Amino acid sequence: MTNMNPGSTANMQIEDELSEDPQALDRGSLSYRQLVWRRFRKSKLAIIGAGILIALYSLSLFADFFAPYSYITDNMLNRYVPPTHVHVYDTKAGNLRWPFVYGLKSTRDRETMELSFTEDTTKTYPVTLFHRGDSYRMLGIVSSNLHLIGSDGPFYIAGTDRMGRDLFSRILFGGRVSLTIGLVGVFLSILLGSLLGILSGYRGGWLDVAIQRIIELLSAFPAIPLWMSLAAALPAGWSGLQVYFAITVILSLLGWGGLARQVRGKVLSTRDADYVMAARAAGASHWYVITRHLAPTAYSHIIIIATLSIPGMILGETALSFLGLGIRPPMTSWGVLLQDAQRVTVVLHYPWLLISSLPVVIVVIAFNFVGDALRDAADPYSN
Amino acid sequence: MRNYIIRRILLAIPTLVAISIIAFVIIQLPKGDYLDQKIAQLEQQYGDSSSIAQAGALRHRYGLDRPLPERYLKWVGGFVHGDFGESFRYEREVKDLIWERLGFTVLLSIGSLIFTYLLAIPLGIYSATHKYQWQDNTLTFLAFLGMSLPGFLIALTIIVVVYKLFGVPLFGLFSPYYQAQVGWTPGKVSDLINHLWVPIIVISLNGVAGLMRVMRSNLLDVLGEPFVRTARAKGLKESVVVVKHAARIAINPLISMMGMSLPDILSGTTILSIVANLPTVGPLLLQGLQDEDMYLAGTILLFMSVLLIIGNLLADIALAWADPRIRYD
């Protein structure tokens with residue numbers, strides 16, 4: 001924003017806008033990207049959303065370090081432990097001290113034979129930063145057993161599941177699958193959607209008709225039942241990674257149609273524009289026209305639709321895994337975690353299992369905020 | 001108008017054929033069939049392989065040893081006299097299994113659709129007439145929340161909270177007493193209505209959020225039109241200007257969206273039914289898919305698509321009826 005240039009292009013608007021937006025002066029000299037960015041950052045919600053997304057993605061990428069436990073560390077003695085309270089006030093000594101947790105005391109109900117846990121106030125364990133705990137190989141490179149936060153005592157800030165695994169750690173690790181499945185799925189949708197959309201709009205003729213019919217046909221199925229049917233067809237013997245990619249393909253199978261339609265419309269409107277004609281007349285190949293003239297006009301559209309369709313894919317994965325048709329254990333995702341909460345009777349006894357739904361909701365809202373602001377920002381020339 | 005409707009119905013036929021092929025192929029995708037599972041089960045039970053001969057006979061009876069196209073034609077051929085094949089698991093006609101559940105599916109979906117629009121349109125109008133005031137901002141925030149919350153989570157939370165607070169279980173569509181009762185009595189109907197509102201609200205929430213935003217922006221566009229200024233200049237009451245003049249125009253795109261919101265509602269109905277154990281085709285579809293009970297699952301998938309096609313058709317007709325500016329010839 002350094003090149004202030006009150007040039008002739010901006011003169012017309014100066015009088016209107018000087019009073020409310022002094023930056024409008026140099027609008028004429030900013031690139032499209034700068035204009036979009038300027039409008040985007042005006043939306044506070046979008047900035048907050050982007051911040052939350054960056055934080056969540058880094059938390060799950062480096063989950064080995066940020067999570068107090070590994071996601072497979074189980075402890076059959078600590079099944080269904082309610083969320084641990086972190087205390088700062090020592091009732092015995094009557095003073096404040098460094099955060100600590102109490103030990104666990106388990107009692108078995110005589111009638112229902114269920115274990116219930118209470119705090120054992122005779123034992124205290126300090127919560128430590130840079131705690132030495134479960135060892136790991138981060139991203140397959142760095143070997144360590146250092147965790148940002150942890151304790152020698154029971155430190156389950158979101159409780160444990162039916163195998164005594166720390167839910168909070170599993171949420172961070174589960175984010176790796178849930179957060180990336182949307183990105184990979186959208187990448188596939190973009191690839192398929194923009195390719196077929198450009199082809200459909202540029203080639204026209206029978207190819208256009210065929211592609212449009214296919215899109216219409218796909219939209220004649222309700223999403224969840226179709227996803228369920230396709231996911232149920234995945235062979236039981238497949239590895240976690242194979243299932244992961246298969247799920248992304250299934251999710252993007254329905255996602256590309258809408259994108260292809262938008263891109264096609266955009267291409268149709270620019271296909272016969274003068275500059276495209278000029279390029280053709282000057283001897284440019286079809287490939288050159290498509291990649292240099294047609295595709296760039298659709299970029300902003302594609303990015304916005306992509307951002308807005310990520311939440312749907314994350315929700316799709318969650319729903320599929322929740323029903324037991326998606327990601328399979330030992331791999332974990334937010335949907336897999338919620339699978340434990342599928343039976344209402346279980347949730348009634350162990351309500352903290354629903355905590356796994358929080359990250360889903362937060363991520364989806366954040367993506368919606370960002371996508372919404374991008375849509376408004378994509379046309380920075382309008383007022 | 002009549003020609004338009006006839007043409008639309010004729011155009012739906014090739015779509016139906018294509019859909020039936022896709023549904024059939026998808027259901028055939030898993031390796032093996034229901035009988036493979038059955039054989040494994042029998043072998044475990046009796047510990048010998050005599051069951052294999054039995055399975056072969058069954059396979060022949062169900063026509064599973066025939067080539068794929070032949071099986072498809074046989075399946076589709078049955079449609080004409082209402083035969084959709086037989087469920088392997090239940091050893092009953094698919095038709096008998098899904099008929100009543102299909103009724104509840106339609107009931108829930110249409111109920112949710114109506115509720116969605118009844119709620120979304122007034123809220124959208126309210127939001128637009130209070131643009132950027134706190135009422136609008138609150139509704140906008142709630143709409144974002146509503147669009148972001150997966151339906152099954154809302155359902156789970158509502159069921160748990162209501163049970164904890166009031167001790168009322170909200171599963172199913174009937175109380176145990178009426179569940180066992182065969183046939184319909186006034187008591188059973190009122191029991192159904194008492195149970196229906198929770199699923200309908202839950203299914204509607206996501207749709208309301210999105211539609212409300214569309215209604216808001218449509219109305220804001222229309223409120224800027226010259227004819228609205230004229231109406232105001234005539235000295236009409238603001239409520240008359242908004243409701244009778246502007247909202248009537250702003251509603252039209254929402255009517256054409258009816259067809260588009262049906263797939264979402266059907267998806268929502270499916271997953272909610274699985275969570276809350278509602279007697280729609282959703283839980284049956286999941287079970288059919290897990291058991292590789294292919295005629296059952298395939299028929300359900302097919303019927304869901306047929307519902308969507310009918311819904312789209314009705315939405316188009318409703319639009320033609322509501323907006324006389326649209327010409328069809």
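This is a predicted model: local features need pLDDT of at least 70, side-chain atom pairs count only at pLDDT 80 or more; totals for chains, interfaces and linings use all residues.
Local features require pLDDT of at least 70 and side-chain atom pairs pLDDT 80 or more, while totals for chains, interfaces and linings use all residues. Residues are numbered from 1 along each chain as its sequence is written, and chains are lettered from A in the order in which they are written.

**Exercise 1.** Determine how the domains of chain A are placed and how they touch.

*Solution.* The assignment, automatic or from a database, gives domain 1 (65-163) and domain 2 (171-377) of chain A. Their C-alpha centres lie 38 Å apart. Contact (C-beta atoms, placed from the backbone, within 7 Å) joins 11 residues of domain 1 to 10 residues of domain 2. The domain 1 side comprises eight nonpolar, one polar and two charged residues.

**Exercise 2.** Describe the side of chain B that touches chain A.

*Solution.* Chain B contributes 38 residues to the contact and chain A contributes 31. Among the elements of chain B giving two or more residues are α1 (2-28), α12 (252-276) and α14 (294-322). The largest share, seven residues, comes from α7(B). By class, the chain B side has 30 nonpolar, seven polar and one charged residues.

**Exercise 3.** Identify which residues touch the most other members of the largest nonpolar core.

*Solution.* Trp227(A), Met228(A) and Ile300(B) do so, among 157 residues. At least three residues come from each of domain 1 and domain 2 of chain A. Beyond neighbours within four places in sequence, Met228(A) is in contact with Leu323(A) and Leu325(A), and with Leu285(B), Leu286(B) and Leu289(B).

Notes
Two residues are in contact if their C-beta atoms, placed from the backbone, lie within 7 Å. Ala, Val, Leu, Ile, Met, Phe, Trp, Tyr, Cys and Pro count as nonpolar, Asp, Glu, Lys and Arg as charged, and the others, Gly among them, as polar. Helices (H or I, at least four residues) and strands (E, at least two) are DSSP runs, numbered from the N terminus. A nonpolar core is a set of buried Ala, Val, Leu, Ile, Met, Phe, Trp, Tyr and Cys residues joined through C-beta atoms within 7 Å. A residue is buried if 20 or more other C-beta atoms lie within 10 Å of its own, exposed if 12 or fewer, and partly exposed in between; C-beta atoms are placed from the backbone.
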